[in-house]
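Me: Hi! Could you take a close look at the surroundings of the ligand for me? After that, please walk me on to the neighbouring topics in one connected answer.

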Amino acid sequence: MKIAVTSVSGHLGKEIVKTLMAITAKENIIGLARTPQKAQDLGIEIRPGDYNDQAVLETSLHSIDILLLVSGMDAPDKRIEQHRKVIQAAKNSGVKKIVYTSIQGAETNTAFSPIVQSNRQTEQDIINSGLDWVIGRNGIYIEPDIEYIDTYKKLGAVYNCAGDSKCGYTTRPELAFAYAKMLMEDKHNGKVYNLHGQALTQYQLVEYLNQAFTTNLRYSPMTVEAYREDRMAELGEFLGNIIAGIYQGILEGECDNVSQYQQAAGRPHQSWDSYFNGIM
Ligand SMILES: NC(=O)c1ccc[n+]([C@@H]2O[C@H](COP(=O)([O-])OP(=O)(O)OC[C@H]3O[C@@H](n4cnc5c(N)ncnc54)[C@H](OP(=O)(O)O)[C@@H]3O)[C@@H](O)[C@H]2O)c1
């Protein structure tokens, strides 16, 4: 059984490959990458895999049984078309099953919603493909908050517009563990899983950051409008608006969903106590 993973030049794709290598022979794992030279460190066969090039994807998917499609990064309309090229290439090449990394979040009403909608469209396209499928809806990565710690230290606080709503965070290694199971085990076929750990408020997240980094940060909620202006000033209109949209979705409870992580992974998601103890 040969498994291909897309976007193995990125964090999630790499993590999924590393997890698969622990449970199946590396000869059975093929990495696809838009930029293959960024994936050579994995020590597996890497084939070209730009989502814009269906012909190349078809060649690269030759002899593959199962495909893990990591969702792309382009604007929503473009992303839908790119994912359709991957799905069509998979069908034409004889792939039997697609596992897709989708996302949780507000489907309407925020600047992030068009991206969530584009993920929902790809889910539908995969369901309609006639292939076997499994869909994971990823929670929000917690790693960016860790990477942002120096900025938080300078500010003395975490500012955003999530208020006291909860967010189902996860980590890429935890996602990779679940995706490896979803790829290898037939019992997941036809299932849609929300993949995240225990949901946290921003107040709880800041407590964990304070314990892990011996800081004295506080959480300071902002209005959606003020946070959007703040993010746009720092990150530009496009990205600032999207980041504000993600946190608006958290505020509106759209990231506080029931998790099916245990069904997908066959074990509970790592606890936040364990995660934050591990980064100290
Ligand atoms: N749940 C969350 O909190 C969260 C946060 C951010 C993003 N995401 C989503 O999760 C996905 C994976 O996250 P990550 O951590 O792995 O992101 P990442 O490290 O930034 O990697 C993004 C990957 O997407 C690849 N890519 C972009 N456009 C492509 C194209 N046209 N064809 C093929 N590959 C393409 C990049 O390839 P190159 O190396 O060639 O650029 C890279 O490998 C992202 O793509 C995004 O959709 C989720």
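Reply: Happy to! Helices here are DSSP runs of H or I with at least four residues, strands are E runs of at least two, and both are numbered from the N terminus. This is a predicted model, in which local features need pLDDT of at least 70 and side-chain atom pairs count only at pLDDT 80 or more, while totals for chains, interfaces and linings use all residues. Residues are numbered from 1 along each chain as its sequence is written, and side-chain values use heavy atoms, with hydrogens and water left out.

Let's start at the ligand. There are 22 residues around the ligand, and those that come nearest are Ser-9, His-11, Thr-35, Lys-38 and Ser-71 (a residue is near when one of its heavy atoms lies within 4 Å). By type, this shell splits into eleven polar, six nonpolar and five charged residues. Here Ala, Val, Leu, Ile, Met, Phe, Trp, Tyr, Cys and Pro count as nonpolar, Asp, Glu, Lys and Arg as charged, and the others, Gly among them, as polar. Helix α1 (11-21), helix α3 (76-93) and strand β7 (140-141) each contribute at least two residues to the shell.

Now for the polar contacts, meaning pairs of N or O atoms within 3.5 Å; within protein, one atom must be able to donate a hydrogen and the other to accept it, and residues adjacent in sequence count only if both atoms are side-chain atoms. An N or O atom in the side chain of Thr-35 is 2.4 Å from an oxygen of the ligand. Ser-71 places a polar side-chain atom 2.7 Å from a ligand oxygen, and Arg-172 has a polar side-chain atom 2.7 Å from a ligand oxygen too. On its own the ligand has 900 Å² of accessible area, of which the protein covers 84% (Shrake-Rupley method, 1.4 Å probe; for residues, only the protein chains shown count as cover).

Arg-172 leads us to helix α7, which runs over residues 172-184. Its 13 residues reach 18 Å from first C-alpha to last, close to the 18 Å expected (1.5 Å times one less than the number of residues). Arg-172, Glu-174, Leu-175 and Tyr-179 are among the buried residues of α7; buried means under 20% relative accessible area, exposed over 50%, and partly exposed in between (1.4 Å probe, protein chains only).

Next, the cysteines. The structure holds zero disulfides, a disulfide being a pair of cysteine sulfur atoms within 2.5 Å. For Cys-161, the nearest cysteine sulfur is that of Cys-255, 11 Å away; Cys-161 is buried at 1% relative accessible area. The sulfur of Cys-167 is 4.8 Å from its closest cysteine sulfur, in Cys-255, which is too far for a bond, and Cys-167 is buried at 0%.

Most residues other than glycine have a negative phi. Asn-109, in the loop between β5 (97-103) and α4 (113-127), has a positive phi of about 85 degrees and is exposed, at 58%. Ser-63 sits in the loop between α2 (54-60) and β4 (66-70); its phi is positive as well, about 75 degrees, and it is partly exposed at 37%.
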